[in-house]
Amino acid sequence: MKEKLLIPSMLDAHFPLMKYAFLTPEYTPVILSQGKEVLPEGLKYTHNDMCWPFAMITSQMIDALRSGKFDLSHTKLLMPTVGAACRGSNYSALLSTALVKAGFPQTRVLNLNLKHIDKENQLRITPVMVWRSLFALFYGDLIMLLVQQVRPYEKRRGDTERLRDRWLKKLGAELKECRRLDLNIMVNRFRTITRSFKRIPRTDTPKQRIALVGELYTKYCSIGNWDMVRFIEENGCESFTNGLSWYVIYYIDAQLVQLREIAALGYRAAGLMLERIQKSMVSVLTEEGFYSLPPLHTIKAEAKGIISTEASVGDGWLIGAETAGYFHHGCKKVLAVQPFGCMPNHVFGRGIYSSVARQCGGQIVSVDVDSSGTPLNAYNRVRMLIDS
């Protein structure tokens with residue numbers, strides 16, 4: 001009997017496709033979607049000093065196990081982590097402890113990381129999984145970038161999301177069946193997808209563009225950032241969140257200084273392939289009249305002298321590089337969202353915002369998300385950015 005693999009909400013735009021990477025003869029992936037209403041479940045079994053991502057992920061997991069929807073003898077949990085020097089590297093062990101306290105000692109927590117943390121509980125990564133993830137990464141990026149730039153201007157409400165859902169259904173079927181997973185097909189399809197969104201009737205009323213930066217969970221998950229994209233759009237602006245491929249290439253770049261030469265060769269080869277695909281995607285977007293940050297190493301070079309690119313813990317120098325990149329490329333308002341108490345984000349992000357703003361000429365508003373906080377205070381700070 002196949003087992004259910006429960007995966008917490010983390011990447012709203014990518015998980016509808018990325019979930020097929022975890023579809024194996026052994027597992028059927030299930031992406032959890034509960035919102036803040038389940039938070040009390042996790043807070044009963046976690047220390048109140050733990051960050052917002054862990055509190056919400058634990059809450060989703062325990063609520064799902066208590067829902068009665070899953071056969072607990074055939075259910076496992078997946079805890080993805082980058083394995084960097086942050087509390088996220090301890091999530092698997094902490095979640096296992098919380099499960100014992102909640103009455104689910106038999107439920108196994110698998111982890112997904114490239115640092116071989118907790119080896120005996122690592123999810124086995126296969127070539128098929130990696131190949132599916134590659135296509136989900138770039139298709140997810142492209143559709144996310146297009147949706148955020150088209151939806152605020154659509155003349156007929158819902159056109160953008162209906163087209164998004166049609167593409168996700170089509171691409172999801174191909175990923176599920178491992179069909180048409182050819183790099184040339186993907187690169188050619190970038191233009192087909194982009195032009196399909198371009199044909200949606202839109203108004204020409206100009207809107208402010210508010211860029212979103214920060215830690216992965218609070219950047220790409222609406223639960224993680226209290227639905228900031230929706231709030232920005234409802235207040236008459238356009239939200240822009242940079243693609244996940246920039247983070248993946250940053251992660252590879254950050255690891256190169258720590259790896260032995262043989263291991264570094266594999267990382268370098270993977271990084272070069274991803275960069276070529278990313279350049280193709282960015283070229284299509286800009287040629288068709290959409291906004292995009294330049295490829296990762298371009299914004300890294302442009303940020304030289306403004307930020308230090310030595311910081312590679314968590315989201316590290318990527319936060320500052322993206323912020324400077326927005327200022328350099330016409331987006332002068334940036335919303336930085338991070339979990340309260342996230343040291344990498346506070347040091348490598350919040351600690352340099354004022355300096356980056358002075359050097360590049362722009363505005364940055366920083367918002368902390370925490371289980372003890374309230375969205376209202378965060379929304380008020382966003383209004384300050386919009387109205388300033």
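## Buried face of helix H6

Helix H6 has these buried residues: Asp 159, Thr 160, Leu 163, Trp 167, Leu 168, Leu 171, Gly 172, Glu 174 and Leu 175. Buried means under 20% relative accessible area, exposed over 50%, and partly exposed in between, with a 1.4 Å probe and protein chains only. Helices are DSSP runs of H or I with at least four residues, numbered from the N terminus. This is a predicted model: local features need pLDDT of at least 70, side-chain atom pairs count only at pLDDT 80 or more, and totals for chains, interfaces and linings use all residues. Residues are numbered from 1 along each chain as its sequence is written, and side-chain values use heavy atoms, leaving out hydrogens and water.

The cover over the buried residues of H6 includes helix H1 (15–18), helix H5 (127–150) and helix H7 (183–198). An α-helix has 3.6 residues a turn, so residues three or four places apart point the same way.

## Length and end of H6

H6 covers residues 159–177, 19 residues in total. At 1.5 Å a residue (times one less than the number of residues), H6 should span 27 Å; its end C-alpha atoms are 28 Å apart, which agrees. Cys 178 follows H6, with a positive phi near 55°.

Arg 189 sits in helix H7. Its relative accessibility is 7%, so Arg 189 counts as buried. Not counting residues up to four places away in sequence, Arg 189 touches Tyr 139, Trp 167, Lys 170, Leu 171, Glu 174 and Arg 180. Contact means heavy atoms within 4.5 Å.

## Second largest pocket

The second largest pocket has a volume of about 820 Å³. Its lining has 31 residues; Val 147, Arg 151, Glu 161, Arg 164 and Val 229 lie nearest the centre. H6 gives the largest share of this lining, 5 residues. H5, H6, helix H8 (216–220) and helix H9 (228–234) each supply at least two. By type, the lining divides into 11 nonpolar, 6 polar and 14 charged residues.

A pocket is an open set of points on a 1 Å grid over the protein atoms alone, where a 1.4 Å probe fits, with protein on both sides within 12 Å along at least five of seven lines; lining residues have an atom within 4 Å of a point. The volume is the space filled by probe spheres set on the points. Asp, Glu, Lys and Arg count as charged; Ala, Val, Leu, Ile, Met, Phe, Trp, Tyr, Cys and Pro as nonpolar; the others, Gly among them, as polar.
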